[in-house]
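This report is for a reader who meets this structure for the first time. Please look at the model before reading on.

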Amino acid sequence: MTSFKHELVGAVGMPIAENPTGIMQEAAFQACGLQWRYLLFEGGEADLPGIVAGMRAMRFKGANFTIPHKVAILAHLDDISASASLIGAVNTVRVGEDGAWIGENTDGQGFMQALAEAGVDVAGKRITVLGAGGASRAICVELALAGAGAITIVNRSAARAEPLVAIVNDKTDSRAEFVPWQGTIAIDPSTDILVNATSIGLFPSTEKPDIDDDTISADMLVCDVIPNPPDTPFLQMARGRGARTLDGLGMLVWQGAIAFRMWTGQDAPREAMHQALADLFG
Ligand code: NDP
């Protein structure tokens with residue numbers, strides 16, 4: 001007899017039409033022959049208690065919480081990983097054997113895996129990060145926990161950057177400083193790794209961060225969190241100056257692959273996931 005039973009994973013947050021993770025995770029389940037479904041939901045903060053209760057009652061195997069719920073979901077969890085706790089935000093829930101909902105943050109871990117795949121060891125490196133929002137927090141905390149030498153955080157608002165600098169300096173062995181982003185910013189020539197962790201350049205925008213392009217050198221590794229388009233004008237500019245580059249699509253696939261492994265216990269089919277997103281983003 002045919003079984004119609006499916007294991008369920010859900011995502012809550014950004015408008016369904018803008019959320020690419022369903023296509024990526026469904027492609028992964030299919031590639032592995034798993035009877036799993038990844039369902040996308042929309043809802044505001046007031047809907048979260050009901051959505052979480054529904055997912056728990058239906059024995060969901062896990063979930064993603066995207067903008068704007070990455071902080072609000074903390075109130076609905078049974079436990080939280082050490083790095084997600086430092087980051088102060090959760091994008092992934094995994095379910096423990098006892099049914100406990102455990103909060104994780106795979107955004108920064110995905111970035112670290114993309115770096116490792118490119119053969120980059122961050123220990124002792126000098127890193128400049130543009131932006132101090134959610135993606136930057138996740139990346140800076142993981143970089144600091146992995147032993148980055150010094151992290152310079154460039155941001156317009158001090159209100160977002162200063163608490164992040166304090167987390168790195170107070171809770172890790174790494175050092176961070178805040179540089180206010182006023183006008184065109186020159187990148188410190190001692191920078192080994194430069195990361196655009198702002199939302200600048202996300203489709204349909206073709207903008208790039210306001211930096212002095214002449215301060216990018218061939219010694220730098222230049223990374224972008226923007227997954228769509230993968231080859232942003234920022235990365236194109238950096239390559240034009242001889243720098244190595246790393247795109248945000250690789251990070252997105254890795255964060256999804258880490259979540260997939262947490263949910264299913266299996267290694268993720270990253271090529272199938274990458275292909276599904278590459279097809280989507282054109
Ligand atoms: P947030 O809204 O939390 O933060 C946005 C950041 O960008 C802030 O630091 C903001 O500065 C800065 N910023 C925005 N516009 C400008 C501008 N014109 N000039 C200077 N700074 C600017 O967003 P997230 O951190 O959650 O997401 C950022 C991007 O990361 C998104 O595009 C998202 O798609 C991407 N992302 C990619 C992931 C991946 O796996 N590849 C994972 C997670 C996110 P200020 O504080 O001064 O306003």
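The text below covers the ligand site and then some backbone features.

This is a predicted model, in which local features need pLDDT of at least 70 and side-chain atom pairs count only at pLDDT 80 or more, while totals for chains, interfaces and linings use all residues. Residues are numbered from 1 along each chain as its sequence is written, and side-chain values use heavy atoms, with hydrogens and water left out.

**Ligand site**

The shell around the ligand holds 22 residues, and A132, A135, N155, R160 and V225 come nearest; a residue is near if one of its heavy atoms lies within 4 Å of the molecule. By class, 10 of the shell residues are nonpolar, nine are polar and three are charged. Here Ala, Val, Leu, Ile, Met, Phe, Trp, Tyr, Cys and Pro count as nonpolar, Asp, Glu, Lys and Arg as charged, and the others, Gly among them, as polar.

Both domain 1 (7-104 + 251-281) and domain 2 (108-246) give the shell at least three residues each, with bounds from an automatic or database domain assignment. Helix 5 (134-145) and helix 8 (248-264) each supply at least two shell residues. Helix 8 gives the most, with four. Helices (H or I, at least four residues) and strands (E, at least two) are DSSP runs, numbered from the N terminus.

| Residue | Protein atom | Distance to a ligand oxygen |
|---|---|---|
| G134 | polar backbone atom | 3.0 Å |
| A135 | polar backbone atom | 2.8 Å |
| N155 | polar side-chain atom | 2.8 Å |

Taken alone, the ligand exposes 930 Å², and the protein buries 80% of that (accessible areas by the Shrake-Rupley method with a 1.4 Å probe).

**Backbone features**

Most residues other than glycine have a negative phi, and most peptide bonds are trans. The bond joining I67 and P68 is cis, with omega about 10 degrees. P68 is in the loop between strand 3 (62-65) and strand 4 (79-80). A cis peptide bond also runs from N228 to P229, with omega near 5 degrees, and P229 lies in the loop between strand 11 (221-224) and helix 7 (233-240). R59, a residue other than glycine, has a positive phi near 55 degrees. R59 is found in the loop between helix 2 (48-57) and strand 3.

Conventions: A polar contact is a pair of N or O atoms within 3.5 Å; within protein, one must be able to donate a hydrogen and the other to accept it, and residues adjacent in sequence count only if both atoms are side-chain atoms.
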